[in-house]
Amino acid sequence: MQNASVVVTAYDWVPSFAQGHVRDLRVRWALNEANLPYEARLIDHQQKLEAEHLARQPFAQVPAIEMDGGSMFESGAIVWSIAEASDHLLPKDPAGRRQALAWTFAALNPIEPVVARLAEVVFFLDDEDLKTRLRPRAVAAVETRLTQLQAALADRDHLAGAFSAPDILMATVLRDLGHSDLLSHYPALSRYLERCTARPAFQRALSEQLEAFAQNAHRYERAA
Ligand SMILES: N[C@@H](CCC(=O)N[C@@H](CS)C(=O)NCC(=O)O)C(=O)O
């Protein structure tokens with residue numbers, strides 16, 4: 001690695017249920033849309049706790065990015081910054097840009113936490129009784145947001161005019177429901193997600209994340 005002007009910090013490997021869903025995917029997608037070459041700095045789950053990484057990401061998470069001589073964290077802020085550096089990932093008019101900003105926060109605030117909560121119940125709870133008790137409420141919270149989101153999207157193809165930064169965030173959040181059939185009850189949202197993820201830049205980003213995991217899998221299989 002090194003000498004690239006853009007460096008994305010990501011995990012070298014995660015368990016299969018999380019592969020293709022780690023949040024550096026959003027950053028890789030935005031960079032591919034913006035045609036900005038980058039290199040990945042791959043860290044493991046010990047390195048994320050070390051001072052060198054905490055200086056980049058104070059909460060011991062990924063992603064983080066180095067670009068324009070500085071470093072930043074939080075995937076939404078990173079995607080927005082990449083979009084600002086690009087000439088086609090944000091509306092040019094002030095009103096459209098404000099809509100894009102609102103939808104960027106919307107993807108990460110009302111929507112992502114309920115999606116993440118359901119994933120937590122499905123993937124991280126070992127207690128089957130507790131899982132059975134908590135799942136209906138977690139599903140209902142997601143359904144409420146999907147109903148509202150579908151109504152707000154109405155017949156538009158994208159959230160804020162043409163495809164833009166908030167679509168990268170919203171689509172990656174909605175993809176995280178792929179472990180369930182929930183989205184199939186929301187045809188406009190299913191079509192929206194298909195439209196976004198059919199983009200070549202998304203496909204490249206996904207391959208790049210998965211390729212890193214595949215290259216490092218042997219180290220973890222040996223350790224298991
Ligand atoms: N709000 C943060 C969330 C980052 C996050 O949750 N990253 C996950 C991977 S997708 C992580 O590193 N989790 C490990 C941990 O929290 O210890 C962002 O969007 O960048």
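The domain assignment divides the chain into domain 1, which covers residues 7-88 together with 201-223, and domain 2, which covers residues 94-199. The model described here is a predicted one, and in this model the centres of the two domains, taken over C-alpha atoms, are separated by 21 Å. The contact between the domains draws on 12 residues from domain 1 and 13 residues from domain 2.

**Overall fold**

- The chain contains 8 helices and 4 strands, and these follow one another along the sequence in the pattern β-α-β-α-β-β-α-α-α-α-α-α.
- With a radius of gyration of 18 Å, close to the 17 Å that the globule rule gives for 224 residues, the chain is as compact as a globular protein of that length.
- The C-alpha trace of the chain spans about 50 × 45 × 30 Å along its principal axes.

**The side of domain 1 that touches domain 2**

- The centres of domain 1 and domain 2 lie 21 Å apart over C-alpha atoms, and on the domain 1 side of their contact the helices α1 (24-33), α3 (75-85) and α8 (200-223) each supply at least two residues.
- Sorted by class, this side of domain 1 has 9 nonpolar, 2 polar and 1 charged residues.

**Packing of α1 with α3**

- The axes of α1 and α3 are 9 Å apart and the helices pack at an angle of about 5 degrees; because angles under 35 degrees count as roughly parallel, α1 and α3 are therefore roughly parallel to each other.
- In this contact R26, V27, A30 and L31 of α1 meet S75, I78, V79, I82 and A83 of α3, and the residues involved comprise 7 nonpolar, 1 polar and 1 charged.

**Packing of α4 with α6**

- Helix α4 (residues 94-124) and helix α6 (residues 165-175) have axes that come within 8 Å and cross at roughly 10 degrees, which makes α4 roughly parallel to α6.
- From α4 the contact takes A100, W103, T104, A107, L108, I111, E112 and V115, while α6 provides A165, P166, L169, M170 and V173.
- The residues of this contact between α4 and α6 divide into 11 nonpolar, 1 polar and 1 charged.

**Surroundings of the ligand**

- The residues that surround the ligand are V22, R23, A60, Q61, V62, P63, E74, S75 and G76, and by class this shell has 4 nonpolar, 3 polar and 2 charged residues.
- S75 belongs to the shell around the ligand and is also one of the α3 residues that meet α1.

Key. Residues are numbered from 1 along each chain as its sequence is written. This is a predicted model: local features need pLDDT of at least 70, side-chain atom pairs count only at pLDDT 80 or more; totals for chains, interfaces and linings use all residues. Domain bounds come from an automatic or database domain assignment. Two residues are in contact if their C-beta atoms, placed from the backbone, lie within 7 Å. Ala, Val, Leu, Ile, Met, Phe, Trp, Tyr, Cys and Pro count as nonpolar, Asp, Glu, Lys and Arg as charged, and the others, Gly among them, as polar. Axes are lines fitted to C-alpha atoms, for helices over the stretch in contact, and angles run from 0 to 180 degrees between N-to-C directions. Angles under 35 degrees count as roughly parallel, over 145 as roughly antiparallel, 65 to 115 as roughly perpendicular and the rest as oblique. A residue is near a molecule or strand if its C-beta atom, placed from the backbone, lies within 6 Å of it. The radius of gyration is taken over C-alpha atoms; the globule rule is 2.2 Å times the number of residues to the power 0.38.
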